[in-house]
Amino acid sequence: MIDFGTWLYTKLRGEHVGTDQLGNRYYRRKKPSGRVATLMRERRWVVYKGDVEASKVPAEWHGWLHHTVNVVPDEATAQRYDWQKDHEPNHTGTDLAYRPPGHDLSGTSRPKATGDYESWSPS
C-alpha cells in the first residue's frame, strides 16, 4: 500500500516510464525548468504492487533505478540468455525459503559426522 505522501508526489511530479512483469510501476520526476534543473540528477522511484519489498525489483529495472543504465528497460528488446532464470523475490521467512538438510525446520535430520573432523586443541 502506497502512503499518501508518495501518492501525492507521484501524481504531481511523477512521469510513469514503465511497469515490470510483477506489476511494479516505475517513475521519474517530470523535467523541471530553470538553471538549477540542469544541475539536478534525475530522480527515479518505484511504486510496488503488493508488499513493499526491494528484492521484487528485477535486475534490469534495478540498473535503471540506480542510474547504471539510462535506457528504460523494455521487455520486447531485453536480451535474455537461456541460462537466465525468471526473477523471484526474496523468500526468507516464508515456506519457500531454502533450508539445508539438517535445518530445524526442514524436517530432516543432519547426517552423522564422519571421521574426517578433528577438533582443535591448544598445545
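**Close-up views of a predicted model**

**View 1. Salt bridges around R28.** R28 and E15 form a salt bridge, with their closest N and O atoms 3.7 Å apart (a side-chain nitrogen of Lys or Arg within 4 Å of a carboxyl oxygen of Asp or Glu). This pair connects distant parts of the chain, since R28 is in strand β2 and E15 in strand β1, 13 residues apart. The model is predicted: local features need pLDDT of at least 70, side-chain atom pairs count only at pLDDT 80 or more, and totals for chains, interfaces and linings use all residues. Residues are numbered from 1 along each chain as its sequence is written, and side-chain values use heavy atoms, leaving out hydrogens and water.

**View 2. The salt-bridge network.** R28 also forms a salt bridge with E42, the closest N and O atoms being 3.8 Å apart. E42 in turn bridges to R44, at 2.6 Å between the closest N and O atoms. Together, E15, R28, E42 and R44 are linked in a network. R44 is buried, with a relative accessible area of 12%, whereas E42, at 22%, counts as partly exposed (buried is under 20%, exposed over 50%, partly exposed in between; 1.4 Å probe, protein chains only).

**View 3. The three-stranded sheet.** The open sheet has the order β1-β2-β3, with antiparallel pairing (strands pair if DSSP finds at least two bridges between them; strands are DSSP runs of E, at least two residues, and helices runs of H or I, at least four, numbered from the N terminus). β1 (14-19) and β3 (44-47) are at the edges, each with a single partner strand, so one side of each has no neighbour in the sheet. Five bridges join β1 to β2 (residues 25-29), and H16 stands opposite Y27 in β2.
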